[in-house]
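Subject: Structure handover

Hello,

I am passing a structure on to you, with notes on what turned up in it. Please look it over before reading further.

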Amino acid sequence: MIKILIYIIFLSFNLHAIGFDGLNIPSNSMDMSLSGSGIASQYFETTNPSSNIEEFSKIGFSANKWIIDIKGNSFYYINNGYKLTYSNFKIDGIELRNNSPSDSPLDFIESNLLSIGLSKGYSFSKKIKFGVGIKYHYNQLFIDKSSALTFDLGMQNQLMNNFQIGILIKNLGLNNIDIPTTYGVGSSYYLKNTKTEFLADYIYSTHYSSGVNLGLIQSIKIVTLNIGYSKFSNLRTTLSSGFKINLNKKYNLLYSLLSIQNSNFGLAHYFGFEISL
């Protein structure tokens with residue numbers, strides 16, 4: 001009986017191929033630079049579909065290098081409250097071996113995870129926003145293929161001029177496939193004079209227990225600086241940062257990096273480009 005030996009360690013610090021655990025990997029530069037925080041963010045689009053409310057249309061691209069040799073790319077398009085997303089992560093060189101010890105593998109295979117999503121944000125009033133999203137995920141490892149459909153639900157409520165709270169249910173699956181569904185609540189405090197936003201989230205995952213995400217967004221003229229911190233139970237701690245540069249009124253350049261603490265996995269790097277339409 002052939003066994004597939006895969007040594008890839010994700011945020012959960014469990015052993016898996018990319019699989020549907022890859023849904024925990026940040027899909028764009030902004031998300032990674034904040035270590036996944038931003039459920040209640042007031043001025044930036046995040047993983048919460050209720051944050052899609054945007055007066056202007058824009059399109060974004062990202063080339064992503066995750067830990068180990070996991071690479072991918074992503075795309076998003078936002079227009080009139082709708083957000084279309086695409087992401088793909090891939091790893092090559094997975095060793096295929098049998099039960100008999102040998103110096104050389106039988107072959108090398110690859111693993112892929114592809115996700116396509118559509119979400120819509122709605123404003124019920126000046127203070128309350130709601131969003132819903134649907135995603136299709138396709139996972140492939142050698143000859144093993146699987147797919148899943150998931151839903152995202154989010155809400156944001158501005159309690160004061162500078163304080164907002166948010167709720168998010170992410171990757172809610174309706175089939176028998178084991179999906180890492182995440183439930184979260186968050187808060188955002190914005191200082192208008194310094195253009196500083198503080199983010200704090202509490203999250204619970206059906207796979208990995210509970211954790212906290214913290215983020216800081218600082219706008220300085222044409223540059224937006226991000227800092228993120230995440231601690232998920234006793235499984236992993238991450239530190240991240242990134243920036244967004246407004247090259248002009250139409251073009252933005254983004255970059256982010258993330259480090260998993262107390263590990264030898266190296267840094268994750270995302271490069272992004274954004275165009276206002």
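This is a predicted model: local features need pLDDT of at least 70, side-chain atom pairs count only at pLDDT 80 or more; totals for chains, interfaces and linings use all residues.

Salt bridges

The structure holds three salt bridges. One of them joins the side chains of E274 and K58, at 3.8 Å from N to O. Since E274 belongs to strand 15 and K58 to strand 2, this pair ties together parts that are 216 residues apart in sequence. E274 is buried, with a relative accessible area of 3%. K58 also counts as buried, at 9% relative accessibility, because the limit for buried is under 20%.

E274 has a salt bridge with K244 as well, at 3.0 Å from N to O. Here the link runs between strand 13 (residues 236-246), which holds K244, and strand 15, which holds E274, so it ties together parts 30 residues apart in sequence. Both K244 and E274 are buried. Through shared partners, K58, K244 and E274 are joined by salt bridges into one network.

The side chains of D152 and K135 also meet in a salt bridge, at 3.7 Å from N to O. D152 lies in strand 7 (residues 144-160) and K135 in strand 6, so parts 17 residues apart in sequence are tied together. D152 counts as buried at 5% relative accessibility, whereas K135 is partly exposed at 23%.

Aromatic rings and charges

How many aromatic pairs does a search of the whole structure find? There are six. One of these is the tilted pair of F124 and F130, with 6.3 Å from centre to centre and 45° between the planes. F124 is exposed, at 60% relative accessibility, and F130 is partly exposed, at 30%. Y255 and F271 form a pair with ring centres 4.9 Å apart and planes at 45°, so this pair is tilted. Y255 is in strand 14 and F271 in strand 15, so the pair ties together parts 16 residues apart in sequence. Y255 is buried, with a relative accessible area of 17%. Ring pairs also bring F243 into a cluster with Y255 and F271.

Two lysines place a charged end over a ring: K83 over Y76, 5.6 Å from the ring centre, and K120 over Y122, 4.4 Å from the ring centre.

In soluble globular proteins, nonpolar side chains tend to be buried together. The largest nonpolar core in this model has 11 residues, among them I25, W66, F89, L258 and A268. Strand 4 (82-97), strand 14 (251-260) and strand 15 (267-276) are the elements that give two or more residues to this core. Setting aside residues up to four places away in sequence, A268 touches M32, K65, W66, I67, S256, L257 and L258.

Two single residues

N64 is part of strand 2 (residues 58-65). Is N64 buried or exposed? At 4% relative accessibility, N64 counts as buried. The side chains of N64 and S62 are joined by a polar contact of 2.4 Å. Apart from neighbours within four places in sequence, the contacts of N64 include S27, I70, F89, H269 and Y270.

L141 is found in strand 6 (residues 128-141) and is buried, with a relative accessible area of 14%. The C-alpha atoms of L141 and N112 are separated by 6.6 Å, while the two residues are 29 apart along the chain.

Regards

Terms used
Residues are numbered from 1 along each chain as its sequence is written. Side-chain values use heavy atoms; hydrogens and water are left out. A nonpolar core is a set of buried Ala, Val, Leu, Ile, Met, Phe, Trp, Tyr and Cys residues joined through side-chain atoms within 4.5 Å. Buried means under 20% relative accessible area, exposed over 50%, partly exposed in between (1.4 Å probe, protein chains only). Helices (H or I, at least four residues) and strands (E, at least two) are DSSP runs, numbered from the N terminus. Contact means heavy atoms within 4.5 Å. A polar contact is a pair of N or O atoms within 3.5 Å; within protein, one must be able to donate a hydrogen and the other to accept it, and residues adjacent in sequence count only if both atoms are side-chain atoms. Rings of Phe, Tyr and Trp (its six-membered ring) pair if their centres lie within 6.5 Å; planes under 30 degrees apart count as stacked, over 60 as edge-to-face and the rest as tilted. A charge sits over a ring if NZ of Lys or CZ of Arg is within 6 Å of the ring centre and within 35 degrees of the ring normal. A salt bridge is a side-chain nitrogen of Lys or Arg within 4 Å of a carboxyl oxygen of Asp or Glu.
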